[in-house]
Amino acid sequence: MTKIEGKIVFGIDIGGTSVKCGIFSREGELLYKDEIPTRTQEAGRFILEDISRHIAELSEKNSIEKADVLGIGYGVPGPVQEDGVVNGCVNLGWGKIDVAEQSRKLNGGIASAAGNDANVAALGEFWRGAGRGAKSMLMITVGTGLGCGVIVNGRVVFGAHGAGGELGHIPLVSGLTEPCNCGKTGCLEQAASATGIIRAAQRKLKESDEPSVLRGKDDFMAKDVVDAARNGDALADEVLNYSCRYLAQGLAVAAGVVDPEMYVIGGGVSKAGDFYLDKIRSAYRELAFYASRDAKIVQAALGNDAGMYGAARLVLGSMEA
Ligand code: BGC
C-alpha cells in the first residue's frame, strides 16, 4: 500500500451486503480501498458505528491524524436529501435518518455528507470517470436495483424529497403482475435492472418451450442471459432486447426533462460493453425526441469504485459551497 500523506477524504459506499471504503486525496486519487460487511440486522442500527470504527482503525494504521481528514462522504441505496437526511432505506432497514449528522457525532465532528448511491456514482463518473469534461450527464447503474443519478451544470439533482433521478421507479412497464420492491407495479426497475432481466428470462422460459441454454438452469444471473444472447440464444436475446428497450424508453423520458449531454451506463451488466449498449443506443435513437437523439451513451469507467469516488467528491463539494 502506498504511504498515505497529506489531506485525505473518506468515500464510503454503503450497499446491501458490503460497505466499500475508500481513502482519497483531495484531488480524487484513490489511495486505498477495502470493504466491510453491512450489518443490516436490527434495522441496520450498527452500520454507521461499524463504519466509524473502521475509519478509526484505518486512520490509526496509516497514521492519519484527525486534522488530515477533510471529510467523510457516504452513498446510501435509497432516497437521500441534499442535507444528508435519508428518507427511508428499505435495503438497509433504515427509516428516516440524518446520516451526515450521525456521522459527525460518531467521528468527532469531521465534515460529513451523504447522497443516494446512484447519485454519488454519477458524481464519481462525472468527476473522475466517463463523464469528465461534460456539463450534464445522467448515469444509470444496472444492478439489483436500477439506480440513476442526474447531474446538471455540475451539480447532482437531489430533488425535494431526495428522490431526484429515481428513474428506476417511473411507471413504464406494462403487463406485470408482481410488485416492485417499492410496493408499486410496473416500475422501470422491474424490466431494466439485473433482477428484472433474470425475472423476464424466467417468465419467458415458463411461457414457451423455445429452446434456450438457460432452460433447466435453476439459478442464473443477468450475466448468463447476456452471454447466452451474445452466443446467439434467441430467447435470451429477446429478453435482453425487451430490457434494453425499456431502459432506452426511460432515458427518452428523462431526456424530455433534463436533456443531458450524455448517458453513462454502469453496473455489472454494462460490462458486456457494446453488445449491450448498442441495443440501448438504437432503441433510444428511435424513442427520444429528435433534439436529444444524438446524446452519447457510453459505458461507465470506474466500475465498482464509482460510488466511493462520488461520495468523496460529495463531501468535498459540500465544503466548497
Ligand atoms: C432505489 C434507488 C437506488 C437503486 C440502486 C433502487 O431500487 O430506489 O434509490 O439508487 O435501487 O441501489
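The buried residues of α9 are Tyr276, Leu277, Lys279, Ile280, Ala283 and Tyr284, where buried means under 20% relative accessible area, exposed over 50%, and partly exposed in between (1.4 Å probe, protein chains only). The model is predicted, so local features need pLDDT of at least 70 and side-chain atom pairs count only at pLDDT 80 or more, while totals for chains, interfaces and linings use all residues. Residues are numbered from 1 along each chain as its sequence is written, and side-chain values use heavy atoms, with hydrogens and water left out.

**Exercise 1.** Determine how the buried residues of α9 are arranged around the axis, and what they pack against.

*Step 1.* The arc is that of the directions from the helix axis to the C-beta atoms.

*Step 2.* These residues pack against β8 (137–142), α5 (189–192), α8, β11 (262–266) and β12 (296–299); contact means heavy atoms within 4.5 Å. Helices (H or I, at least four residues) and strands (E, at least two) are DSSP runs, numbered from the N terminus.

*Step 3.* As for length, α9 (residues 274–287) has 14 residues and reaches 19 Å from its first C-alpha to its last, close to the 20 Å expected at 1.5 Å a residue. The expected span is 1.5 Å times one less than the number of residues.

**Exercise 2.** Find the aromatic pairs in the whole structure and describe the one formed by Phe24 and Tyr309.

*Step 1.* The search finds four aromatic pairs. Rings of Phe, Tyr and Trp (its six-membered ring) pair if their centres lie within 6.5 Å; planes under 30 degrees apart count as stacked, over 60 as edge-to-face and the rest as tilted.

*Step 2.* Phe24 and Tyr309 are edge-to-face, at 4.8 Å centre to centre with 65° between the planes.

*Step 3.* Phe24 belongs to strand β2 (residues 18–25) and Tyr309 to helix α10 (residues 306–320), so their pair ties together parts that are 285 residues apart in sequence.

*Step 4.* Phe24 is buried at a relative accessible area of 0%, and Tyr309 counts as buried at 12%.

**Exercise 3.** Is His54 buried or exposed, and which residues does it touch?

*Step 1.* His54 is located in helix α2 (residues 47–61).

*Step 2.* With a relative accessible area of 10%, His54 is buried.

*Step 3.* Not counting residues up to four places away in sequence, His54 touches Cys21, Asp34 and Ile36.
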